[in-house]
Structures are given as C-alpha cells and as structure tokens.
Amino acid sequence: MLGISSQQLFQQLLVGLINGSFYALLSLGLAVIFGMLNIVNFAHGALYMVGAFCAYFLLNELGLNYWFALILSPLIVGAFGALLEQLLLKRLAGLDPLYSLLLTFGLALVIEGLFQNFFGSSGLPYAIPKELGGGRNLGFMFLPNYRAWVIVFSAVICFSTWFLIEKTRLGAYLRAATENPTLVRAFGVNVPRMITLTYAFGIGLAALAGVLAAPIYQVRPGMGADIISVVFAVVVIGGMGSILGSIVTGFALGVIEGLTKVFYPEASNTVVFVIMAIVLLIRPAGLFGRTA
Amino acid sequence: MKTMRLSAVIASLLLTTAAFADDKIVKIGELDDQSGLYADQGGPGSVLSVNMAVEDSGLRDKGWTIEVISADHQNKPDIAVGVARQWFDVDKVDAIVGVQNSGVALAVAGVAKEKNGVLLVSGAASSDLTGKACTPNTIHWAYDTYALANGTGKAIVKQGGDSWFFLTADYAFGHALQRDTSAVVEANGGKVVGSANIPLNTPDFSSFLLQAQSSQAKVIGLANSGGDTTNSIKQAHEFGITAGGQRLAALLTFISNVHALGLEVAQGLTFTETFYWDLNDGTRAFAKRFSERMKSHAMPTMVQAGDYSSTLDYLKTLEVMGGNPHDGAKVVARMKELPTDDPLFGKGMIRIDGRKIHPAYLFEVKKPSESKYPWDYYKLLATIPADEAFRPLSQSECPLVKK
Amino acid sequence: MSDQPQTTRISAQAHSGRDERIVFLVMAALLVAAPLAVYPFFLMQGLCIALFACAFNLLIGYVGLLSFGHAMFLGSAAYVGAHAAKVWGLDPGLAILAGAGSSTLLGVVTGALAIRRQGIYFAMITLALAQMIYFFSLEAPFTHGEDGIQSVPQGMFLHLLDLSNQTVLYYFVLAVFLFGFLVIYRTINSPFGDILKAIRENEPRAISLGYRVDQYKLAAFVLSAALAGLAGATKAIFAQNASLSDVHFSTSGEVVLMTLLGGMGTIYGPVLGAFIIVAMQQYLGQYLGQWVTVIQGAIFIAVVLLFRRGIVGEIAHYFKRSL
C-alpha cells in the first residue's frame, strides 16, 4: 500500500503512540490548569524539563533511582509550582487571563535560561532503569520495553486523572469552584487552597512526563521549549477546557505525526499546526470543547 | 617663521608615517556560541584556548600589547554581524577567532572582507568557507564537511560498509554533509540505499531509525550535529540497532558529545576528527594545561584546539612580519606563505583558498571495558595524510584559486 | 459567566494631541542627532525593531488582540525583501515594498483565520501559524535555511541615494521608521481608530451599533502585518541579511516583551521598549550570553506583576497625560 509495507506502518503507529503519550500527559496538565484555573501555563514546558533534571539529580546526588524519581520528582516540582502560584500567579487573579499567560511565559524564560547557564546545552545522560531495559521482538519491530512502559503508564495516569476530575466528589468540588468560587466558598470549601493544589497537580503531571522522558530524550534545558508549542496546539484542538479532549487528542496526534513521518517527513513538524488551523475553522471550541 | 613652518611640516610628515608604520598592538575577538547548543564544543573553552595561545606566543614579554575580548553570538547571524561590525569599526579588533555555526561564519566572513580584518574559523563546518564563499581574509582551520565526509565515508566503505542510509538534519549543513559523504561512498564502490530528512531539533528519532533499520543498510550515516546527534545515537542504542549489526557513522562528533552520551551508549561509533587530546605528547601536554584551567575540567575538543592553533599561528606570523600592519588581507597572505608546525595539529600549511591543511584521523569510540582512565574514549583506526584529507584545489570553486 | 470577578482589560489612555506632538518632535530630533553619539548600526537595528513593536502594539494596545506570532510578518518580509534585492536585483525601495507587500498578503490570509477568535485563543492561533511559517522557512530552498540570505546588496535608492554609505543609509532607515510611525499615529487618531477602540472596550455594543466588527479587526490586523513587514524588509536591507531568527518564536516573544515594558497602548512605549531591549541584547548580550534570556524573563515577570502600564504608561499616568 503506497509503497510502505504493513510492517513499517505498524512500526510507525506504535512509535506515534509513544510520542502521543507525552503529548497526552503534558496537555492533560495544561488542560487541568486551564480548565480549572483559567491560566494558560506557558511555563509547562520548562517545568517538564525541571522534572527531568530533578530525576537526574535524585539519581546522581542522592542515589535514588528511577522508581523513587517517579514519585518524588512530581512532588518536589509540584511543590515548587504551588510556591509559584502563591507568590506570583495569585496576584493576577482578577485580571485579564492574558497577563497570566505573559507571566508564565516570563517564568519559562527565567527557568530555561538559568538551567542553560548552569548546565550548558549538550544534555546529561540518564540511563533506562534496568527493570525496564531490553525489549521484545514483536515480529514487525523490536519494541524496547521502556517505550511500552511509557504508553501503558501514561494511559493509566491520564485516565486516572480524568476519573478523578469527572467522576469523584473532589473533582466535582474543583469544577464547581471554577464555575462559581463564591458559592463554593460559602459552602466552607477552601477555594484558594484548592486552586493552589490544582496548579501544583498540573505541574506535577508535567514533572512526571519529564521523568518518563529522561531515559529516552536527553535531559537538556531546551527539552521543554522543543515540545511546548505542539502541546499547546494539542490542547487547542482538543478543546481548552476538556480533560478527555486533551488525552484523546494527545494520543491521536502522536499517531498522526508518526504517520506523517513515514509518508512526508518534512511536514511532520507542521502537521499538528495545520490540523489545528483546520479544526479552528470548523469547530472553534475544539473537538471536545464546551463553547466558552 | 619660515623654519618653524617647515619644521612643523616635516614633523607632521614624520608623525603620519609613524602612524602608518606597523605597531605591536593586537586585539583579538573570540566570537562564539558561549551558552547555547554548541557552547560545549567551543564556547568558553575556545576563549581559554585563545588566551593560552596569546600566553604561549611569548609576545607580551617582547613588548607587544595583546588584548583578547569575547562575545556570544547566540547562534544568530544578525547578532554576530552586529558584533563583528562594531568590533572592526569601533573597537579596533584585528582578528576574529572561533565562530561556530556555518550560517554565522559565512555572514561574518563577509564583514571581515568588507572591513579588511582577519577571520580564523575553527568552529563552523561548511566547506563553502574555502569554496564559493572564500575571501582573502578568511582562514578555515580545524575541519570542514569535506574532510568529515572523505575521512569517515571512505574509511567505512573500505572496511566493508558499502550500503548507507542517511539520517539528515534538514538544513544546509546536513544536506552538504550528506551530499559530500554520498559522493565519497559512491566513488569508492558503495551505494546509498535511502535517506530521511529530519527537521532540526527533533527530540524523537525512533520512526526514522526504524526506517533505517528496515532498509538493512550496513551503515547508518548521521548527517547532523549537537543535540540531534546525541539523541539519534541514544535512541539507536535503545532500539538495538547496533546490536543488530548495523554500524553508526556519526559524521560530526566531538569529544563533548561522547562525554555527554557515556561510553555505554557511544561505543563503536566511528568518525573523523583532526584532533584528539590523547593522540601524542604534544596534544597531551596542551590538554592537561587546558583542562586544569577549565571550570568543568573537560578535555579540549577539536574546535578548541583549532582556536588555539590558529591564534598562535596568527601571532607568530605577526612576529615574523615585525609588527601589526592592521591590514587583514596582508597578514592572511603572509600566513599562507609560511608553513605551520604546532603541537596540536602537527606539520601543515595554509592553502591559497584559506584552507588549513593537516592530517585527519579516523577514530572509534572505545567500549567501557577498554577505557582505562577519565576521558580515555577514542581508539585510532587510521590516519589520513594531510594531502588527502581536504578537497583538492582542482575541485575548488574558490575565485582565489587560479585555474 | 455569572459571578466572574471584574476583569481589568489591557487598555490605553484617552488622548490629547499636544503632548504627543511635542514628544514626537523631541523623539525625531534625538534620532536625527543620534549618529553623532551612538554607533549607527545599532541605531538602525533599534529603529526597525521599534517600528515592528509599534505595529504589534497597534493590535494589542488599540484592538486588544495579543498576537504571539508577529515574527512571521517581520521574518517573511525580510526574506522576500532580501531575495528581491539579491536575486532579482531590485532597487532597495522596491525590495522593501515587495517585502511589505508579501507580509500584507500573509496578514490577510492569517488574519482571516485568526480573527474568528479572541483573547487566548487568538494568541494560540497566531502562535501556531507563526510556527508553520517558521518551519516553512526552514525547508524552503530560497531562504537557505540555517544559513539565511547573506550579503544582501544595499544598492542605490531611486538611483540617487547610495545606501552603502552609512550616513545615507541611516537617514533612509530613519525616514522609513518615521513614515511607519506616522501611519500608526494617524490610524489611531482617526474615526477608524475610534471604532477599533470601541470594539476593544465593548464588542457586543459595537456590533449592536451596526459595525462590521470582524472587518475592522481584520483591517487592523492586516495594517499591523504590513507595517511589521515594512520593518522586516528594511532590516534585511540595512543589516544585509535575513535569517531564521527573524521568524523564530523568540522574536515574537521579544516584541511582546518590548511593548509590555514600554507600555501597551501608548504610542511611544513600544519605541522606548524596543530600544531598551535591543540595547540590552547588543551591549550586554556579548558579555552575559544566556543571562540575557533570564533577564528578559525577569523583566516580563516584574512588569506584569508590578507596573503593567509599562514605563511610558506609568509616566503618562503619573502626569495624567497621554503618550
């Protein structure tokens, strides 16, 4: 079919799914923050990078391996995110959401610049954990175990988060607090703290993606900037407030990008943006979005 | 009255001739990517190299005033051109050294020609600097795309790697490297079975690596550099490509890349460089002094060695000339007349097109078990003699070469 | 949207003509005399970027639309202008017109897509479109990718003025800047400008008054794109190159920074902001390298938190004038 064997097709679909996992996880964090807090978190890519670096330091300075990093890094970076929210973002609460976009954009520059200064640009090595090394021959390709783990783990996290927000009481409080903070506060719920925790949670998701990425992409200060514009496009396509939208779109776009790499690689960088432009023409709120 | 006027005229004549006489003042500017993608290959290490060269030339003890300044071009031609203009126009810089990034180097070469300064390039790769973009003011030192292609390509084909698949960074540098290497492969009886153009700064190469794997080419040529190279190598390792028998030819690799990857991942890589710190006593002595003074204690890369060597040669030439005429083309012409011999690159010379000629070496990265001490990364596979390493003048597109 | 807290919109001051005219004369006089004190190359860079920032400010300050992809207009015009001058051998004036023309066209196409949304969505769309232009520039053969278009000839403007003469070149660039600036000024202080401001303040009301709001927004967008292109093509001529950094996302980010720092919605704010940032990059960038990025980020944060009106905006507010 079209000069590409079915073997190659399956290879690329699988690889696309792997990339899609990262897109899904990152856009999930963004969607949580935007959907719940109306903040466009431009610093998301930078904090994903910090998550990866955190894993590196946990290993090299404290001897804590990957499995510890999976838990500790999101906690540490999430706590840092909470600090940022308290110190900086809270002050912009009543203003045009464009200001929070600009603030987080500035944050991203500061964070990435600092890391660039101290760690240079070649990147630091982080080994794939032994338990996940090697791979299995699936017949049409050799699939490294670690990549399979990435897909499975991301899917689990994504759907757990979706479940948490859409189906539990805590999630219901969060959603209510976004729609009508005054009323929810009147019910005795500490809304400002919820907001801080939600932001921290979104950041924690980004950091988790960073830990997942560390063994397979180099741990580099520029790693966030590389991926952030695609992730934003994913969120816009999925619908900026929609959790499910960003998850599904993330995985789907990863697959589409993978297919483009086979048939027309020069366009693989732009295909996501082209799709975004088309979706915006037909369904401005995004595929799963609620009209604002 | 008349004698006074006459003596005033004579005095001013003497003063003006004195102003045009050569002086012993030299100002060198190191222009490089100090903090970004290429900083580890050149950057602050290159500034150190230039300073060491100034010290080693001994000219300060002989009464010369030599000043070294540096700037970060951040991989942007606009910034580089602005700095270069200001340096030549306002700051009285005589020579610019370093300049990683081919696009930047080409832009600065134009400025150097316009302002009649000297440009000593070690960082950039494009062979066009001594080809169609050559000028009487540019000398291209350490390496270029032709040398990389010719060294690695030829050697690997001769060792049996006769089918190639390229992973090419989709911009001018990558295309040039693929073009030059393909030419060499085909000229030596090999064939190119396919290639993939990969956008710059792609974090994930898995789909392209899988294509390379399916092509069953014996050699996978990586026509990219910096982060792209480290990523593609790391992921090739992960997908078991080298374990499966295919060979990786990382066409542009520096010791800083190998250090970043670690030997576990980088072992078996084959590439061409014109300098390695552990090659001989001369290189070792320099490397020891260099790494002691580097904050990161890293060993010098080929670029940093080139910056040292070119600066030293420049200063030696000025000493031979007896003073600095502040005339770039004149100094460069004299540099081309004098043969070179330094502890880092050995014996060589500078050709009419500005190309510095010296031997090149084919290296392979050691297995972790073979490495006995820190930074013991390479083993020498072959030496390519100086007269074969670079593009022959007969094929040159440089207007300075008289046909 | 029932109990939302009052959102403070990014807004401009009410205007009075006299102060603005005085400042204009002062600014023009300073710029005319500047080459005596400051290196002209840096000044020309400042002028082009200042024009770019003013064009950007037209959208955010007066229409309320934050474009996060404005570099696409600057950069694409730079490429077209450079190509026109180098490969087609056009007179520099024509090359600049060609560049500005191409960015105008690009503005029409992208504007038609982007105008459909507002606020954050508009910003995201412009970002995505700019990324497309960036990757296109990377691939297209005529841009020479990473190398860029180098050694663009400066030529003779109208066969009279030799632009390779630094002094002549400077006054030529200054003239272009003042022209662009005046176009913006006249646009803002015109009935068209008043309608734009009305749309920014209360779009539903403007619609209810019968104005075809989308057409006005598109017109402003295209004008902004055209002037950004004018800046870009002029830059290609004086700097003699067009490169990827002209279309890169960081350039879009920088123009936002300059305008924010100077004062969104003020006329002179972007000019001041542009010169400050260009000065910082040129003079400090050589010594501080990547710290420049950190400083820029810190400025962003500081301005957004502490003085959202920007420098000129704060001055204007203090003196209760409009600038």
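**Close-up 1. Strand 1 and strand 2 of chain B.** Strand 1 (residues 25-32) of chain B runs parallel to strand 2 of chain B and is joined to that strand by eight bridges, strands being DSSP runs of E with at least two residues, numbered from the N terminus. Within this pairing of the predicted model, B:Lys27 has B:Glu67 in strand 2 of chain B as its bridge partner. Residues are numbered from 1 along each chain as its sequence is written, and chains are lettered from A in the order in which they are written. This is a predicted model, in which local features need pLDDT of at least 70 and side-chain atom pairs count only at pLDDT 80 or more, whereas totals for interfaces use all residues.

**Close-up 2. The open sheet of chain B.** Five strands with parallel pairing (at least two DSSP bridges between two strands) form an open sheet in the order 2-1-3-4-5. Strand 2 and strand 5 (138-140) of chain B stand at the edges with a single partner strand each, so one side of each lacks a neighbour in the sheet.

**Close-up 3. The contact of chain B with chain C.** Chain B gives 26 residues and chain C gives 24 residues to the contact, which is defined by heavy atoms within 4.5 Å. The buried area, meaning the accessible area (1.4 Å probe) lost on putting the two parts together and summed over both, is about 2300 Å², with 49% from carbon and sulfur atoms. B:Asp78, B:Arg85 and B:Gln86 supply 23% of the area that chain B buries against chain C, more than any other three residues.

Conventions: Side-chain values use heavy atoms; hydrogens and water are left out. Helices (H or I, at least four residues) and strands (E, at least two) are DSSP runs, numbered from the N terminus.
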